[in-house]
Amino acid sequence: DGRAESYHVEGEFGRDVVVKTNAIDVLRRELRVRRRRPTPRSYVFVGGGVGDSYQPLEAHYGLARQALEMLLEVGLPAHVLTKSSLVERDLDLLCALHARAGVILSMSLSSARDDLGASFEPGCARPSRRLETLRRAKQRGLPTGVYLMPVIPGVSDGPELIDESLARCAEVGVDFVVCGGMTLKSGRQRTHFLEVLARYAPELVPEAAHGEGVGPLLLE
C-alpha cells in the first residue's frame, strides 16, 4: 500500500530509503510540548503505516530504540508494529517500558505460510520467524498481537489458510488478531501487485492486465 502515489514516497519503494535522522529531536520537542499541555495518556505507535521502524537500517541508526528509551524516560506506553525480528534486540527495553507504562508488540503478516511470505513479503522475516519473535516476547510477559493483513483475495483468504494462520497465532499465545482486507489503488501499487501475482499465480490475473500491470483485479 505504501507504494501508492498518494503517499508521495519518492524513488523505488523498499529500496530507496530516506532516514529521518532528526526523528529523536522532533520527538523530544513534541514530548516537551505535551508536558506543558498535558493530554490524556495513550499508547504511542512505533512503526506500521507506510514504513517499518525495524527495517534493516535500524540496526545501524538505532532510531526506534532511542525513541523507546525516550518513552521510558517520560513514562508513556508504546505499541510497536513491525514485520522484523530485529525488534528482539530491544526486548529488554520493551520489558522495562511495559513495567513502567505499558507495551504491546505486534507483527503484521498476510499468512502464516513461509512460501506466501517469500512471494508477497520479500525482504521481511519469514512469517514463522515473526511468530517465533512473538512467542519469545510473550514468554517475557509482553502483550502481543497479530495484524493478519492484508488478507489477499484468492491467495490467503481461503478458509483453510485463515484457520491455519489463526491456529499458528494461538500456538504462540498472542492476545489478539486483527484481520483486514486488501486495498488496491490504481497506479504503481496495483501495477506492482499484479506483477507479483502474475509470477505466483498467473491464472488469477485478469487477461486484460497481463503484461500491462493495469486493470481491475477480479477474483472469484
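**Exercise 1.** Find the place of Ser84 among the helices and strands, decide whether Ser84 is buried or exposed, and list its contacts beyond its neighbours within four places in sequence.

*Solution.* Ser84 sits in the loop between strand 2 (78-82) and helix 4, where helices (H or I, at least four residues) and strands (E, at least two) are DSSP runs numbered from the N terminus. The model is a predicted one, in which local features need pLDDT of at least 70 and side-chain atom pairs count only at pLDDT 80 or more, whereas totals for chains, interfaces and linings use all residues. Residues are numbered from 1 along each chain as its sequence is written, and side-chain values use heavy atoms, with hydrogens and water left out.

For the second step, buried means under 20% relative accessible area, exposed means over 50%, and partly exposed is in between (1.4 Å probe, protein chains only). Ser84 has a relative accessible area of 15% and is therefore buried.

For the third step, contact means heavy atoms within 4.5 Å. With its neighbours within four places in sequence left aside, Ser84 touches Asp52, Tyr54 and Met107. A further distance concerns Thr133, which is 49 residues from Ser84 along the chain, the two C-alpha atoms being 8.8 Å apart.

**Exercise 2.** Describe the protein as a whole by its elements, its buried share and its contacts.

*Solution.* The secondary structure comprises 8 helices and 5 strands, and from the N terminus on the elements follow the order α-β-α-α-β-α-β-α-α-β-α-β-α. Of the 220 residues in the protein, 39% are buried. Among contacts between residues at least 6 apart in sequence, 73% join residues at least 24 apart.

**Exercise 3.** Characterise the packing of helix 3 with helix 4, and then that of helix 6 with helix 7.

*Solution.* Two packed helices are described by the angle between their axes and the distance between the axes. Axes are lines fitted to C-alpha atoms, for helices over the stretch in contact, and angles run from 0 to 180 degrees between N-to-C directions.

The axes of helix 3 (residues 63-74) and helix 4 (residues 91-100) come within 9 Å and cross at roughly 25°. Helix 3 is therefore roughly parallel to helix 4, given that angles under 35 degrees count as roughly parallel, over 145 as roughly antiparallel, 65 to 115 as roughly perpendicular and the rest as oblique. The crossing of helix 3 with helix 4 is left-handed; a crossing is left-handed if the near helix is turned anticlockwise from the far one by less than a right angle, and right-handed if clockwise. On the side of helix 3 the contact includes Leu68, Leu71 and Leu72, and on the side of helix 4 it includes Leu93, Leu94 and Leu97. The residues of this contact between helix 3 and helix 4 divide into 8 nonpolar, no polar and 5 charged, where Ala, Val, Leu, Ile, Met, Phe, Trp, Tyr, Cys and Pro count as nonpolar, Asp, Glu, Lys and Arg as charged, and the others, Gly among them, as polar.

The axes of helix 6 (residues 127-139) and helix 7 come within 9 Å and cross at roughly 30°, so helix 6 and helix 7 are roughly parallel to each other. Their crossing is right-handed. Ser128, Leu131, Arg135 and Lys138 of helix 6 make the contact with Arg168, Cys169, Glu171 and Val172 of helix 7, a set with 3 nonpolar, 1 polar and 4 charged residues.

**Exercise 4.** Examine the backbone at His8 and at Pro150.

*Solution.* Most residues other than glycine have a negative phi, and most peptide bonds are trans. His8, in the segment before helix 1 (23-36), has a positive phi of about 60° although it is not a glycine. The peptide bond from Met149 to Pro150 is cis, with omega near -5°, and Pro150 is in the loop between strand 4 (144-148) and helix 7 (159-172).
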